[in-house]
Amino acid sequence: MNQWKNFTKGFIKENPVFVLLLGMCPTLGTTGTAINGLGMGLATTFVLVMSNLVVSLIKNLIPDKVRIPAFIVVIATFVTIVEMVMQAYLPSLYESLGLFIPLIVVNCIVLGRAEAFASKNNVKSSVIDGAGIGLGFAFALTILGSVRELLGSGKVFDITIYPENYGMLIFILAPGAFIALGYIIAVINRLNKKNA
Amino acid sequence: MEYIIIIISAILVNNIVLNQFLGVCPFLGVSKKIETAVGMTGAVTFVMVLATIVTFLIQHYILIPFEIQYLQTISFILVIASLVQLVEIILKKVSPSLHQALGVFLPLITTNCAILGVAILVIQKEFNLMEGVVYAIANAIGFGLALIIFAGLREHTDLQDVPKGLKGVPIALITAGILAMAFMGFSGIV
Amino acid sequence: MAKLESSFKNMLVSLFGVTLIASAALGLVYDATKAPIAQTEAKKQEMALASVLPEYDRLGDVIKVLPADGKDSIEIYPAYGPNNEEVASAVKSYTYSGFSGYIEIMVGIDPNGEITGFQVLKHAETPGLGSKMNDWFSNAEKPGQNVIGRSFNDGAIQVSNDGGKVDAITAATITSRAFLDALNRANRCLDSAWETDAESGATQQINGKNSDDDVASSEQ
């Protein structure tokens, strides 16, 4: 039960994007379409799970004073792996995410979980924590991507909901990212208040 | 002429925060007051230019000759992290007053994606060292411009009667969206 | 297991160890993905070629031409039919005058100077407006905007706003102009390639069209 809670907290209650406001750059930069948001979210989830796993395994081998650089190396390694694998097998996603793939390294969520959770907990709960937070992040990006794609071009995951000509293009462009996220956060705040 | 195009395009047309979404975390985090926004801009400018120079040299004199470009991400982020530490130590010794002004912002900069982002973009766009430095300075100015305007706007919205549900972050994001719309007016000028 | 102390030796050894393992792991993954990455690139190239060219038997050697008004060279892939006759050439061309700068296209041009097909390879144009290039300019139902089958023989292809015959994408004239600029550049480079390469059997056919006019009108 406890592990289940550990896993689900990332979705709404401690959602890294909507509630903790972390990882804003990829959140805004890659959510022009739902599929890009989902791809980015899953790539980040992979990095989170793997870096949490490794960090919790090696936490006792790393002296305290150099733990941050060591964690950064671990994270950067997995980011580069994701980058190369994506380039080989998902070239179109790789192209549309572009610069934001190497920038997973500086996503505060990843380093934050390694430092705040994995360096203090055992392997099992660290992996579950990574998966929960990562999927929460992916969930947030998919929601934002779907909203922007729907309002901007009348589609969700490339499935037409209403004719593209009625779309408000601004939501696919930069300003729409900020505005859509603003309203979604307002809604989530309201939901969380009701639950509490 | 090419430098002017790089500068205008980086500051106005492809503004690093409002158009490229790099450095959004500090953009939202330290924009409550104009003073802190100015301090952050100073620290970012300093580190961004230094980091661009160092990563450029690493790319062209270490990674490319040894054909290990796949270590780009890992080496760049390590360089930036140690650079930030180094700058902090040196500033503390050389200029305590500057350190006091920028000090609190320095640790935040390692995870500022604008720094790593610009370093990688300079390599991707195949700039030479001089163009890279100009590009880094222009982006730092663009970051500062967006941050300071945004801080000014937020100081005002804080005093307004904002609908309850939108108070705080939501209204800040919507303001940023409208600011980004204003910057879109510059597109197409270069 | 007890946590290691932060002594200088421990710090050095552990950091060094982590970095070493990380680099080794990356080296392995790099080696493993190198072939698939190259394959994906090659496949992309092949698909682009197949989509812009009519049916062909084999490709000739790649010719690189440096256009007079650009800093990057343009690649030409001549394609030959069963009797070794040239069916068309695919040209990888570019322009810097897009709304967001760089646009890269692949275009097929047959020996009569007609466009056999095209594909936009890289662009950063506004989604929903300029990004419609691929669909807009190949729409067979709207002859006003379709560029496939048009010929360069009557000079450069231009948008109707500039006195040409191609309808620009609604609300994206700059993108449309840039796209046609890349098309015309492809044609100019193809001409100059055949002129310098007089031994090629295709030279006479290509020279049949008034390439001088072509260059002059597109420089306006």
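Author: Tyr3(B), Ile4(B), Ile7(B), Ile8(B), Met130(B) and Ile189(B) make a nonpolar surface patch of about 520 Å². Patches are built from residues with over 30% relative accessible area and no salt bridge; nonpolar side chains (Val, Leu, Ile, Met, Phe, Trp, Tyr) are joined within 5 Å, and like charges within 9 Å. Accessible areas come from the Shrake-Rupley method with a 1.4 Å probe, and for residues only the protein chains shown count as cover. Helix α1 of chain B (residues 2–13) gives the largest share of the patch, 4 residues. Ile4(B) has its place in this helix α1 of chain B. Helices are DSSP runs (H or I, at least four residues) and strands are E runs of at least two, numbered from the N terminus.

The model is predicted: local features need pLDDT of at least 70, side-chain atom pairs count only at pLDDT 80 or more, and totals for chains, interfaces and linings use all residues. Residues are numbered from 1 along each chain as its sequence is written, chains are lettered from A and ligands numbered from 1 in the order in which they are written, and side-chain values use heavy atoms, with hydrogens and water left out.

Chain B also meets chain C, where 6 residues of chain C are in contact (heavy atoms within 4.5 Å) with 5 residues of chain B. Chain C and chain B bury about 560 Å² between them, 77% of it on carbon and sulfur atoms; buried area is the accessible area (1.4 Å probe) that two parts lose on being put together, summed over both. On the chain C side, Leu26(C), Tyr30(C) and Phe99(C) lose the most area to chain B, together 63% of what that side buries.

With chain A, the contact takes 36 residues from chain A and 35 residues from chain B. The area buried there is about 2,900 Å², and carbon and sulfur atoms give 87% of it. Leu99(A), Val106(A) and Phe178(A) supply 23% of the area that chain A buries against chain B, more than any other three residues. Across this interface, too, the rule finds 0 salt bridges. Helices α2 (24–29), α4 (67–89), α6 (108–118) and α8 (174–195) of chain A each supply at least two residues of the side that touches chain B. Of the elements in chain A, α8(A) gives the most to that side, with 11 residues.

Over all chains the count comes to 7 salt bridges. One of them joins Asp129(A) and Lys9(A), with the closest N and O atoms 3.0 Å apart.

Terms used: A salt bridge is a side-chain nitrogen of Lys or Arg within 4 Å of a carboxyl oxygen of Asp or Glu.
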